[in-house]
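Here is a briefing on one multi-chain model. Please keep the sequence and the 3D view open while reading.

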Amino acid sequence: MPLLQTRKLTAFYGDFQALYGIDATLDAGEIIAIIGANGAGKSTFLKAITGLVRRPAGAVLLDGEPIGGKTAAEIVRRGVALVPEGRRLFHSLTVEENLLIGGHGRRSAGPWSLERVYSLFPALRDRRATSAPLLSGGQQQMTAIGRALMSNPRVLLCDEISLGLAPIVIADIYAALPQIRAEGTSVVLVEQDIVQAMKVADRVYCFQEGRLSLSGRPKELTREQIHRAYFGS
Amino acid sequence: MTDWLNALAQGVLLGGLYALFAAGLSLIFGVMRLVNLAHGDLIVLAAFVILFLAGKLGLDPFVAAMVSLPILFMVGYALQHVLLNRTLGRDLLPPLLVTFGLSIIIQNGLLEIFSADSQRLRSGSIETASFALGGGVAVGVVPVLTLLSAIAVIVVLNFVFYRTALGRAFRATSDDLEIAQLMGIDHRRIFATAMGLAFVVIAIAALYLGLRANFDPSIGPARLLYAFEAVIIGGLGSFWGTLAGGIILGLAQTVGAQFDPEWQILSGHLAFLLLLVFKPRGLFPRALD
Amino acid sequence: MDAGAAQPAQPFRIQTAAGASRFAWAAACCILLVLALLPAFAARNLIQDLIFPFYMLALAQCWNLLAGYAGLISVGQQAFVGLGGYLLFALTLPGGINPLLAIPIAGVVSAIFALPTALIVFRLRGAYFAIGSWVVAEVYRLVFAQFKALGGGTGTSLPPSVTSTMPGIEWVKSLLNVRTPAARDIISYWVALALMAVTLALVYLVLRSRRGLALGAIRDQEAAAASLGVDIYRVKLAVYVATGALTGMIGALIYLQKARISPDAAFSVLDWTAYVIFIVVIGGIGTMEGPAVGTVIFYLLQRNLADFGAWYLILLGTLGILVMLFAPRGLWGFIADRYDLTFFPTRRRLVVHARDPTTPG
């Protein structure tokens with residue numbers, strides 16, 4: 001049974017339909033990537049899973065159990081954590097406070113603690129008392145990931161974590177992903193940077209205008225296939 | 001000269017009372033961006049609760065106030081949970097108009113139950129006790145206690161906000177409600193807890209309101225205005241700023257009264273408007289509001 | 001399909017008036033005519049009674065324009081009611097100006113006061129603006145309580161030399177064969193009716209103009225409106241000053257009718273803000289029909305239940321809260337949504353014509 005599964009997932013913003021029946025799965029221990037152009041529905045997909053956007057009750061299953069009707073707070077307690085687009089750290093809180101608040105909804109057992117996060121991202125340890133808005137983009141992204149990890153999630157949803165960051169910083173952050181997987185958290189990466197995403201992902205989905213246009217293993221997909229799925233024909 | 005020194009001393013002490021009024025309002029603004037137009041009436045309501053407990057149970061007002069704290073916490077929690085949480089959202093109008101309606105209901109409810117008579121909290125000799133500060137200036141024990149209580153309340157609020165997990169949750173919810181929910185924070189309970197806490201502060205403010213002066217069901221709105229002015233003068237987002245704002249307002253009033261007693265309240269309002277013109281964000285703003 | 005191809009342009013037009021509204025316009029004109037002619041055949045009591053709902057509706061339309069359309073939620077409009085009232089007294093008593101002329105003068109002076117008031121109070125946003133406007137009203141009250149010439153804290157009355165020499169009294173007396181007090185009431189009635197009609201017409205015209213489109217945008221999405229170049233500040237300022245002027249004139253009329261003024265009454269939050277807000281909330285914020293519905297309901301409640309004093313006010317407060325929670329668009333909003341009705345449409349509809357089937361694509 002897949003760890004996380006969506007079945008004919010639709011989502012609306014008012015009258016505007018953003019997702020048209022997405023069927024996707026995530027198995028335990030996987031890192032999957034979701035690519036697609038701006039406005040394709042990738043972020044909406046993550047928001048629908050975490051409960052920030054309304055979706056049909058049976059459309060999202062965690063360990064076979066429907067979580068579509070649950071609130072965002074309930075979903076994080078079941079082990080699904082989101083690293084939001086644009087990081088969205090709490091600007092009145094320091095790095096350490098942001099991490100601690102991530103642990104507010106933590107599941108009882110799990111490997112992630114303040115110490116473990118600091119060893120994953122040593123740069124944060126030196127800045128634990130710094131106010132969030134004063135951090136660099138990369139440090140903010142690390143804090144946002146650490147904050148999500150503090151709830152000991154089984155599934156980590158990452159929304160465009162490479163956005164606005166220098167390549168060397170991106171590489172640092174991506175280097176953390178295998179360690180996160182090793183600790184028992186499966187990862188969903190939504191990315192516009194296809195190259196990085198494809199390097200680390202086991203499988204990839206491509207979204208186009210709210211629909212799945214492609215899925216498969218990175219090694220098995222050709223450039224033409226990806227190009228067509230991304231931009232449309 | 002002593003008249004002026006006296007006015008200054010009284011102004012600072014009056015500021016303590018206004019800071020107490022304002023602290024509860026500041027807490028609610030800070031956590032849930034709710035402007036509670038019934039705030040002043042809630043202070044009056046709390047004063048009547050203390051009066052009632054003191055009378056029925058034969059307690060000194062200080063003790064009655066302590067007894068009222070858990071009761072009022074629960075009232076505040078319930079009020080937020082049942083009514084005010086429903087009004088919060090992106091639209092400004094519902095919380096404003098619902099709390100305005102609440103204000104009318106509380107004023108008239110108190111009128112029906114207690115009549116329009118002036119009331120006072122009686123605590124025996126402490127009411128008239130005073131001590132000399134030197135320079136011909138004497139201050140009452142109750143006003144000094146008021147200021148000390150205001151300082152104590154602000155110290156406690158700062159502690160809660162900046163050194164506890166609850167305070168962390170308050171700040172996170174206020175910063176970004178959507179993401180706070182993603183952290184597992186149940187914002188409805190956080191807001192209810194904040195309102196309960198605000199009611200505790202309101203109860204303390206009510207105690208000193210009732211000890212210092214007469215009160216009746218109609219004086220609520222004026223207290224709201226003073227509380228609001230103190231918060232704005234001090235600057236949003238800072239509890240110490242609220243204390244400063246209260247003191248400045250108190251000073252403006254007592255200094256104005258020195259020129260003409262009829263000008264006391266007007267001086268306060270004018271000082272507030274003046275500050276609004278020159279420092280619209282207040283003196284010590286902290287929040288990125 | 002080539003995602004880059006442009007869609008062929010579709011013909012469209014902007015529509016404001018709808019079928020029901022033509023009927024409504026005709027009905028409104030008839031009603032106004034009947035109301036104007038009422039003094040000829042109605043009892044004096046009725047004429048006196050109607051003055052109240054006329055000016056309450058006018059006040060409600062002003063508040064609705066401010067809050068419902070421009071997003072300026074003011075809890076301090078009583079400042080202008082009191083200002084207008086005191087201006088009337090100041091102009092007619094020592095000034096000796098004829099009361100009917102004093103009303104428009106009060107409007108102009110109120111506008112002059114509204115300008116600096118706005119500049120100060122606009123430094124506050126949203127809910128803080130609301131309380132700030134209340135502070136301003138209190139300042140007005142406390143200042144006017146200082147003017148001993150106008151009665152100070154206890155207030156003063158208009159002597160018969162003023163009230164009985166209103167222009168037109170003699171004409172009405174001979175035309176309708178009534179005595180001076182009744183003639184006075186009839187003139188006040190006509191002034192109130194005129195003010196109400198002018199307010200309604202002005203509000204409607206503003207909303208239908210380009211300004212009105214800007215206002216609607218401000219109400220719905222202020223940030224978006226700003227990004228489209230709508231000069232929010234100036235539009236809000238214009239609305240605040242205009243409603244200040246209108247409210248001032250209404251206040252002048254109110255206190256001409258009452259002939260007695262005091263600071264607490266003239267600047268009363270309950271009479272000039274709480275009741276007004278109740279009317280708009282119950283009827284429906286943001287529509288023109290809402291305040292009319294609300295005024296009727298309020299008038300009926302006030303007539304029948306006001307004697308219950310504190311209980312009546314508790315009832316009003318509770319009703320207001322319930323409506324705000326469960327029917328936030330008010331009674332009219334509820335009906336309009338249900339039956340898709342608009343009598344005085346101020347929204348614009350984009351009507352897109354069906355594509356010609358012979359066009360390729």
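In chain B, strands S1(B) and S2(B) form a hairpin with 2 residues between them. Gly135(B), in the turn, has a positive phi of about 70°. The model is predicted: local features need pLDDT of at least 70, side-chain atom pairs count only at pLDDT 80 or more, and totals for chains, interfaces and linings use all residues. Residues are numbered from 1 along each chain as its sequence is written, while chains are lettered from A and ligands numbered from 1 in the order in which they are written.

**The hairpin of chain B**
- S1 (residues 130-134) and S2 (residues 137-140) of chain B pair in the antiparallel sense over 4 bridges. Pairing here requires that DSSP finds at least two bridges between two strands.
- Ser130(B) stands opposite Gly140(B) in S2(B).

**Chain B overall**
- Chain B holds 11 helices and 2 strands. Both kinds of element are DSSP runs numbered from the N terminus: helices are H or I with at least four residues, strands are E with at least two.
- From the N terminus on, the order of elements is α-α-α-α-β-β-α-α-α-α-α-α-α.
- The radius of gyration of chain B is 19 Å, close to the 19 Å that the globule rule gives for 289 residues, so chain B is as compact as a globular protein of that length. The radius is taken over C-alpha atoms, and the rule is 2.2 Å times the number of residues to the power 0.38.
- The C-alpha trace of chain B spans about 60 × 50 × 35 Å along its principal axes.

**Helix packing within chain B**
- The axes of H3 (residues 61-87) and H8 (residues 187-212) of chain B come within 7 Å and cross at roughly 145°. Axes are lines fitted to C-alpha atoms, for helices over the stretch in contact; angles run from 0 to 180 degrees between N-to-C directions.
- H3(B) and H8(B) cross in the right-handed sense. A crossing is right-handed if the near helix is turned clockwise from the far one by less than a right angle, and left-handed if anticlockwise.
- The contact of H3(B) with H8(B) has 22 nonpolar, 8 polar and 1 charged residues. Ala, Val, Leu, Ile, Met, Phe, Trp, Tyr, Cys and Pro count as nonpolar, Asp, Glu, Lys and Arg as charged, and the others, Gly among them, as polar.

**Where chain B meets chain C**
- The contact takes 31 residues from chain B and 31 residues from chain C. Two residues are in contact if their C-beta atoms, placed from the backbone, lie within 7 Å.
- On the chain B side, H4 (93-114), H9 (220-234) and H11 (264-278) each supply at least two residues. The largest share, 14 residues, comes from H4(B).
- That side of chain B divides into 24 nonpolar, 4 polar and 3 charged residues.
- The axes of H11(B) and H5 (residues 126-144) of chain C come within 10 Å and cross at roughly 140°. H11(B) is therefore oblique to H5(C); angles under 35 degrees count as roughly parallel, over 145 as roughly antiparallel, 65 to 115 as roughly perpendicular and the rest as oblique.
- H11(B) passes H5(C) in a left-handed crossing. Residues making the contact include Leu266(B), His269(B) and Phe272(B) of H11(B), with Val135(C), Glu138(C) and Leu142(C) of H5(C).

**The 4-stranded sheet of chain A**
- This open sheet has the order S2-S1-S4-S5, with antiparallel pairing.
- S2 and S5 (65-66) of chain A stand at the edges, each with a single partner strand, so one side of each is left without a neighbour in the sheet.
- S1 (residues 4-13) and S2 (residues 16-26) of chain A run antiparallel, joined by 7 bridges. Ala11(A) has Leu19(A) as its bridge partner.
- Their hairpin has 2 residues between the strands, and Gly14(A) takes a positive phi near 65°.
- S1(A) also pairs with S4 (residues 60-62) of chain A, antiparallel over 3 bridges. Gln5(A) stands opposite Leu61(A) there.

**The 6-stranded sheet of chain A**
- A second open sheet has the order S6-S7-S8-S3-S9-S10, with mixed pairing.
- Neighbouring strands of this sheet are turned by 20° against each other on average, direction ignored.
- S3 (residues 31-36) and S8 (residues 186-191) of chain A run parallel, joined by 5 bridges. Ile34(A) stands opposite Val190(A) in S8(A).
- H7 (residues 167-182) of chain A lies across S3, S7 and S8, at about 150° to S8(A).
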